[in-house]
Amino acid sequence: MNLTLKVWRQQNPSDKGGFKEYKLSGISADMSFLEMLDVLNEDLSEKGEDPVHFDHDCREGICGMCSLYINGQPHGPTQTTTCQLHMRSFKDGDTITIEPWRANAFPIVKDLVVDRGSFDRIIQSGGYVSVNTGGVPDANEIPIPKIIADEAFDSATCIGCGACVAACKNASAMLFVSAKVSQLALLPQGKVEKRERAEKMVAQMDEEGFGACTNTGACSAECPKEIDLSNIARMNREYFAASLSTEKS
Amino acid sequence: MSWVSKTLNSTLGKKLLMALTGLFLILFLVVHLAGNLQLIFPDEGKSFNIYAETMATNPLIRVVSILNFGFILLHAVYAVILTRHNKKSRPIGYAVSKASENSTWSSRSMGILGTLIFIFLLVHLRGFWYELKFGEVPMVTYDGVSYKDSFAIVSAAYQNILYVIFYVVSMGVLAFHLSHGFASAFQTLGINHTKYTPFIKKLGLAFAIIVPALFALIPIVMFIQGS
């Protein structure tokens, strides 16, 4: 395959940045999108140019590290992670525009690499279950209905890649935060702290400068893990219930 | 900050206000439509005129109408606040965007649709509400009681084809706004369940088609009757 790439190049966070065009030839349809970028970077390195910086880690679709806004969609045209996107999704002669996630809360580090530390800080604010020290509890001590366990697991499949924020016209993080609120609120171990958790995580989300939700559903439609919009409704319920019921601080 | 203002100032709280005021305005549309359909009753406006008089004098209706104005303004003001916040959340946009792949046009255009509805409301209130309240309205007598002939004002206004077209187009805009807004309000309130969400979505779509269509029918029928 022969391709034309239009890649966002930006030296550093304060650089204005701009698109640069690259021609690639001999790309196999069986390559993953990241392998195609590896080919580009090898070319650039051989020419003594600065390779294109992009995030990646496991390349198995489970770590949430890869990003890229490809031809107007996060993770490209298929509902998967960029590492699981293959070049057979494109045609010979295609022009592919590659942009970084665009959000105030995801500042660009370099080229296509963005800082998703805001997600970490949201998790730190309440996305956990407090565990007391002591004896190891029995694994089957608390019965959990299969249907609830499955629902919690569905929410927990969120890998925190940020495609929801990238897809949302408001750069809203509602789908991510709601998945994290849900996976714990559904289970008995997490239920104890669900009210405070919802309040703290929403407050942190707002502080990071993410947008509000218009319920367009773009986040869920682009989510590589197909996190459902019902999570956002659950977060709203938890948040409103929390603000009505938690003790005054 | 008190817990109330803290909640209402969060992004979720602002959306809650949008949803609650939106749902109130949806209820208002039903009442408004029910009253206005009397305009096309074949009784030369008698039932409409009596109804309009009741609406203008009943103290309970007065309170609700003030609330209604308040909620329209609140809905619009919060829309502006949220839109500004959302724009700030993505200062630099994408060069290429395929938003049509993941969301409906109406869901992405609520702001512009709402603005058009707001402009319609200004014209609408100037043409009817202001005219009936502060303008010169002819009187009409039914069974010895005299009423403002509101029907005559409306019927005269709808003889202008441009006015009729403006109304019909505005109702189309309202239809798109409702097609997203109705179901969206329930989602914001946290009402999402496999048992009833499909019903809410269908109801919302039916509402978005039927209510604006019936509203649009009134000026069309009155224009045809008058010409």
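What percentage of the 249 residues in chain A do buried residues make up? In this predicted model, the buried share of chain A is 46%. The chain contains nine helices and seven strands, and its C-alpha trace spans about 60 × 40 × 35 Å along the principal axes. Of the contacts in chain A with a separation of 6 or more, 68% are between residues 24 or more positions apart.

Next comes the contact between the chains. Chain A contributes 39 residues to the contact and chain B contributes 36 residues. On the side of chain A that touches chain B, at least two residues each come from strand S5 (95-99), helix H7 (194-207), helix H8 (218-222) and helix H9 (230-245) of chain A. H9(A) gives the largest share of that side, with nine residues. By residue class, the side of chain A that touches chain B consists of 16 nonpolar, 15 polar and eight charged residues.

On chain B, one element to follow is helix H2, residues 11-36. Helix H2 of chain B has 26 residues, and the distance from its first C-alpha to its last is 37 Å, close to the 38 Å expected at 1.5 Å a residue. Buried residues in H2(B) include Thr11(B), Leu12(B), Gly13(B), Lys14(B), Lys15(B) and Leu16(B); also buried in this helix are Met18(B), Ala19(B), Thr21(B) and Gly22(B).

Both chains take part in covering these residues of H2(B). From chain A, the cover includes H7 and H9, two of the helices that supply residues to the side touching chain B. From chain B, the cover includes helix H1 (3-9), helix H4 (59-89) and helix H8 (161-188).

How values were computed:
Residues numbered from 1 in each chain as written. Chains lettered and ligands numbered in written order. Predicted model: local features only at pLDDT ≥ 70, side-chain atom pairs only at ≥ 80, totals over all residues. Contact = placed C-beta atoms within 7 Å. Helix = DSSP H or I, 4+ residues; strand = E, 2+ residues; numbered from the N terminus. Nonpolar A, V, L, I, M, F, W, Y, C, P; charged D, E, K, R; others polar. Buried ≥ 20, exposed ≤ 12 C-beta atoms within 10 Å, placed from the backbone. Expected span 1.5 Å × (residues − 1).
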